Amino acid sequence: MRTYTNVKDLGNLDEAVKEALEIKKNRFAYKNLGENKTLLMVFFNSSLRTRLSTQKAGMNLGMNTIVLDINQGAWKLETERGVIMDGDKTEHILEAIPVMGSYCDIIGVRAFAQFENKEDDYNEKILNQFIKYSGRPVFSMEAATGHPLQAFADLITIEEYKKKDRPKVVLTWAPHPKALPQAVPNSFADFMNEANVEFVITHPKGYELDEKFVRGAKVEYDQNKALEGADFVYAKNWAAYTDPNYGQILSKDRAWTVSSEKMALTDNGFFMHCLPVRRNMIVTDDVIESPQSIVIPEAANREISAQTVIKRMLESL
Ligand code: AN0
Ligand code: CP
């Protein structure tokens with residue numbers, strides 16, 4: 001595997017989940033695979049889970065890992081070609097990327113949508129430059145339009161907890177005080193559309209996601225209706241995608257917060273969220289603390305999804 005940015009990079013999804021569950025049973029089985037290989041993780045944005053779980057995954061495979069926070073100690077990077085660099089940016093990304101590539105064997109990149117230019121975000125301007133210029137296999141640790149390590153971990157978690165062959169999975173928008181990217185819901189939809197689940201998306205009007213990810217999924221604007229009989233409730237906030245509101249907050253309606261009353265509409269459904277989560281905006285204290293909340297095992301599976309992807313990249317070196 002040379003790049004990991006979306007569900008298709010995994011090939012057969014059932015086989016990928018099977019491989020992940022095998023890795024979970026014995027996560028040190030491949031500890032020689034990464035000997036003398038270096039994993040570089042480059043962060044343009046904050047992280048708790050991705051930083052720790054991906055580093056752990058690399059260590060399980062016997063790799064050396066290096067973490068670089070671009071905004072803490074590295075030079076400020078220019079990303080536009082042709083700019084006269086007489087401002088505050090010291091280094092161009094076109095030199096920085098191949099230099100970073102020269103010190104490692106595999107690179108993970110976190111570079112969120114900036115909400116300044118929709119085209120730049122949806123063309124994955126930063127991530128694609130790493131793919132093009134690093135000379136290394138590159139995986140997304142949440143880029144502008146996707147968070148495929150999260151969605152893979154979510155699918156593994158659903159596989160572990162499902163009580164039916166084809167569970168009903170509902171992705172619901174929920175309110176949040178700040179504008180958040182569409183990366184997590186995009187990738188979740190990307191994966192659920194390929195998985196053996198009944199997939200429903202619910203959000204207020206105006207929060208429609210990119211058709212490229214929604215594909216044939218059912219969109220139900222009435223949250224209560226969508227939640228009826230759900231086996232899994234996947235909550236997430238995102239800012240508007242459609243023009244002319246790209247990157248804007250259109251609603252902070254707390255009627256969309258996932259509460260016990262909302263969960264009562266489900267078929268004793270499980271609650272999921274990628275974390276970090278704002279309590280009593282996205283989900284109430286009682287729901288996230290309930291036995292039906294699987295946010296912690298979901299986060300723990302980030303180590304497994306990352307290890308499966310990095311293992312496949314090591315095998316392709
Ligand atoms: C980020 C987001 O919504 O994309 C990261 C989630 C994994 N969340 C925040 O910035 C709060
Ligand atoms: N879910 C997730 O990616 O969390 P972090 O932003 O803390 O890495």
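1. A search of the whole structure, which is a predicted model, finds 21 salt bridges. One of them joins Glu22 to Lys25, with the closest N and O atoms 3.0 Å apart. Both of these residues belong to helix 1, where they are separated by 3 residues, or about one turn of the helix.

2. The domain assignment divides the protein into domain 1 (3–146 + 302–316) and domain 2 (150–299). In the contact, domain 1 is represented by 28 residues and domain 2 by 32 residues. The C-alpha centres of the two domains are 25 Å apart.

3. The extent of the domain interface may be stated as an area. About 2,400 Å² is buried between domain 1 and domain 2, and carbon and sulfur atoms give 65% of this. On the side of domain 1, Phe115, Lys118 and Tyr122 together supply 29% of the area buried against domain 2, more than any other three residues.

4. Polar interactions also cross this interface. There are 2 salt bridges between domain 1 and domain 2, and 11 residue pairs are found in polar contact across the boundary, both residues of each pair having pLDDT 80 or more. Three helices, namely helix 1 (13–25), helix 4 (118–122) and helix 12 (295–315), each contribute at least two residues to the side of domain 1 that touches domain 2. The composition of that side of domain 1 is 16 nonpolar, 5 polar and 7 charged residues.

5. Asp243 is in turn joined to Pro244 by a cis peptide bond, with omega about 5°. Pro244 lies in the loop between strand 11 (232–236) and helix 10 (260–263).

6. For Ser47, the distance from a polar side-chain atom to an oxygen atom of ligand 2 is 2.7 Å. The corresponding distance is 2.8 Å for Arg110 and 3.0 Å for Arg302.

7. Pro276 is placed in the loop between strand 12 (270–272) and helix 11 (285–288).

8. A last point concerns Asp88, in the loop between strand 4 (77–78) and strand 5 (91–92). The side chain of Asp88 is in polar contact with the side chain of Lys76 at 3.4 Å. Asp88 and Lys76 are 12 residues apart in sequence, and their C-alpha atoms are 7.2 Å apart in space.

How values were computed: Residues are numbered from 1 along each chain as its sequence is written. Chains are lettered from A and ligands numbered from 1 in the order in which they are written. This is a predicted model: local features need pLDDT of at least 70, side-chain atom pairs count only at pLDDT 80 or more; totals for chains, interfaces and linings use all residues. Side-chain values use heavy atoms; hydrogens and water are left out. Domain bounds come from an automatic or database domain assignment. Contact means heavy atoms within 4.5 Å. Buried area is the accessible area (1.4 Å probe) that two parts lose on being put together, summed over both. A salt bridge is a side-chain nitrogen of Lys or Arg within 4 Å of a carboxyl oxygen of Asp or Glu. A polar contact is a pair of N or O atoms within 3.5 Å; within protein, one must be able to donate a hydrogen and the other to accept it, and residues adjacent in sequence count only if both atoms are side-chain atoms. Helices (H or I, at least four residues) and strands (E, at least two) are DSSP runs, numbered from the N terminus. Ala, Val, Leu, Ile, Met, Phe, Trp, Tyr, Cys and Pro count as nonpolar, Asp, Glu, Lys and Arg as charged, and the others, Gly among them, as polar.
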